[in-house]
Amino acid sequence: MSDIHESPGAQDAHTEPAHIEPALTEHDWTAAGFATRAIHVGSDPDAATGAVVPAIYQVSTYKQDGVGGLRGGYEYSRSANPTRAALEEALASVEGGAAGFAFASGLAAEDTLLRAALRPGDHVVVPNDAYGGTYRLIARVFGPWGIEHTPVDLSDLDAVAEAIQPGRTRLVWVETPTNPLLTVSDIAAISALARAAGAVLAVDNTFATPYLQQPLALGADVVVHSTTKYVGGHSDVVGGALVVADGAQLPVGLEGPTGTTSVRDAVAFHQNASGAIAGPFDAWLTLRGLKTLAVRMDRHCASALAVARFLEDHSAVTEVIYPGLPSHPGHELAARQMRGFGGMVAFRTTSEEAALAVCARTRVFTLAESLGGVESLIEHPGRMTHASVAGSALEVPADLVRLSVGLEDVADLVADLGQALA
Ligand SMILES: *Cc1c(COP(=O)(O)O)cnc(C)c1O
């Protein structure tokens, strides 16, 4: 009502505000930059109210105008929901993909992709330091259903080529940087190897985020996310996503359940048929997080580098693992393949006891699993996030500590680690 004070005539019924014809068509954001797309794609102001943020459509079903007369294509919320659709559209845009799919968790997204791309008897190449839950899913859930796997060091391209079994390997799983050892692998080079073998290339982009790394542009067929982490960014929601490249094809020789060879069709079918979807409120929180991803990642990267440099000079630390340090074996590749080096730092101490002691003593870094939120977290992978891979090829060193460097003042973060290591 501020114009009442600014213009004495505003209450006069004959004084109409100047009327400017609004743009009738939705704006085309395809040429816009990353942050602009993250904020606007999927978030057109609501046609009925002008609300600038998509509503939480907390609804299961939709009135049909006569049998099959769907308004906007909505029928039942497992199949599609407007809040989830807003998130899926935004995710597809920021990853440069043809379609996005939002799930109840990162592992639900992975499970859906594995069902869509694999059949009993197939073989998968997995990173030898993959996220523990990914490895557990492939080895202990899909294993008994007839899927074999080979763990391999993805930073060794000869080893990747050797692990691929032509005619049997249907999927190559890449995670870069990996969790927790931050190994960097060459997406474009592995894409060429997967393509030559007729296999699908999936890249878990959770650690890098679409802001720092664009796997589809480097030849990946599908990007996988735990949106629980940086995309959500506030440690308040669990979610997952798949984004499929334009024209991505199922493994050579496989026809999907809808009779096509398109990965997009197969994932869409499986998302609805298995139903591990993101709920409306979770989708809304995740979309809210995505809108600030770019500014958050800039700060995560800057603070992580400062923390890594501090640790490098500390006598109680035997090794600092951060792709932004020239000492990291993947530093040059990461500089080429990524816009920044991310917010995750790992370091080794002198013993398991020393690692556990540091985790117990920090006050600003909270001892907790997960990562990618505004608050800094510290954890002991061997006993916590990666306990499920103890005794396997993916076992992590016992003296390893993992940090998710958050958005607090970096001086407070460095001081906290200093007192914890003292
Ligand atoms: C957390 C995580 C997952 C699993 O996601 P959830 O949302 O916990 O199911 C997958 N990959 C990576 C790299 C992760 O950090």
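**View 1. Strand β6, enclosed on both faces.** In this predicted model, all of strand β6 deserves a careful look: 5 of the 5 residues in the stretch 222-226 are buried, so the strand is largely enclosed by the rest of the structure. In a regular strand the side chains alternate between the two faces of the sheet. Here V222, V224 and S226 sit on one side, V223 and H225 sit on the other, and all of them are buried.

**View 2. The neighbours of β6 in the sheet.** Now look to either partner of the strand. With strand β5 (residues 200-204), β6 pairs in the parallel sense over 3 bridges, and A202 stands opposite V222. With strand β7 (residues 240-244), β6 pairs in the antiparallel sense over 5 bridges. Two of the residue pairs to find here are V224 with its bridge partner L242 and V223 with its bridge partner V243.

**View 3. The open sheet of 7 strands.** Stepping back, you can follow the strands in the order β1-β7-β6-β5-β4-β2-β3, with mixed pairing. The edges are formed by β1 (99-103) and β3 (148-152), each of which pairs on one side only. From one strand to the next, the twist averages 20°. Helices lie across this sheet too: α3 lies across β1, β6 and β7 and runs at about 130° to β1. Helix α7 (residues 187-196) lies across β4 (169-175) and β5, and its direction is at about 155° to β5.

**View 4. V125 in strand β2.** Is V125 buried or exposed? V125 belongs to strand β2 (residues 123-127), and with a relative accessible area of 0% this valine is buried. Leaving aside residues up to four places away in sequence, V125 touches T150, V152, A163, I164, T169, L171, V172 and W173.

**View 5. Helices α3 and α10 side by side.** Two packed helices are described by the angle between their axes and the distance between the axes. For helix α3 (residues 82-95) and helix α10 (residues 280-291), the axes come within 8 Å and cross at roughly 35°. The crossing of α3 past α10 is left-handed. On the α3 side, the contact is made by T83, R84, A86, L87, A90, L91 and V94, which meet P280, A283, W284, T286, L287 and L290 of α10. Sorted by type, the residues of this contact are 10 nonpolar, 2 polar and 1 charged.

**View 6. Helices α4 and α9 crossing.** T112, L113, R115 and A116 from α4 meet A266, V267, H270, Q271 and S274 from α9. By type, these contact residues divide into 4 nonpolar, 4 polar and 1 charged.

View 7. The peptide bond from N179 to P180 is cis, with omega near 5°.

**View 8. Two serines with positive phi.** S235 is not a glycine, yet its phi is positive, at about 55°. You will find S235 in the loop between β6 and β7, where it counts as partly exposed at 46% relative accessibility. S370 has a positive phi as well, of about 75°, although it is not a glycine. S370 lies in the loop between β10 and β11 (377-379), and its relative accessibility of 29% makes it partly exposed.

**View 9. The open sheet of 5 strands.** Our last stop is a sheet with the strand order β8-β9-β12-β11-β10 and mixed pairing. The edge strands are β8 (319-321) and β10 (366-367), each pairing on one side only. Strand β9 (residues 344-348) and strand β12 (residues 400-404) run antiparallel, joined by 5 bridges; V345 has L403 as its bridge partner in β12. Helix α11 (residues 293-312) lies across β8, β9 and β12, running at about 10° to β9.

Key: Residues numbered from 1 in each chain as written. Predicted model: local features only at pLDDT ≥ 70, side-chain atom pairs only at ≥ 80, totals over all residues. Heavy atoms only, no water. Contact = heavy atoms within 4.5 Å. Helix = DSSP H or I, 4+ residues; strand = E, 2+ residues; numbered from the N terminus. Nonpolar A, V, L, I, M, F, W, Y, C, P; charged D, E, K, R; others polar. Buried < 20%, exposed > 50% of the residue type's maximum accessible area, 1.4 Å probe, protein only. Pairing = 2+ DSSP bridges. Axes fitted to C-alpha atoms, helices over the stretch in contact; angles between N-to-C directions. Left-handed = near helix turned anticlockwise from the far one by under 90°.
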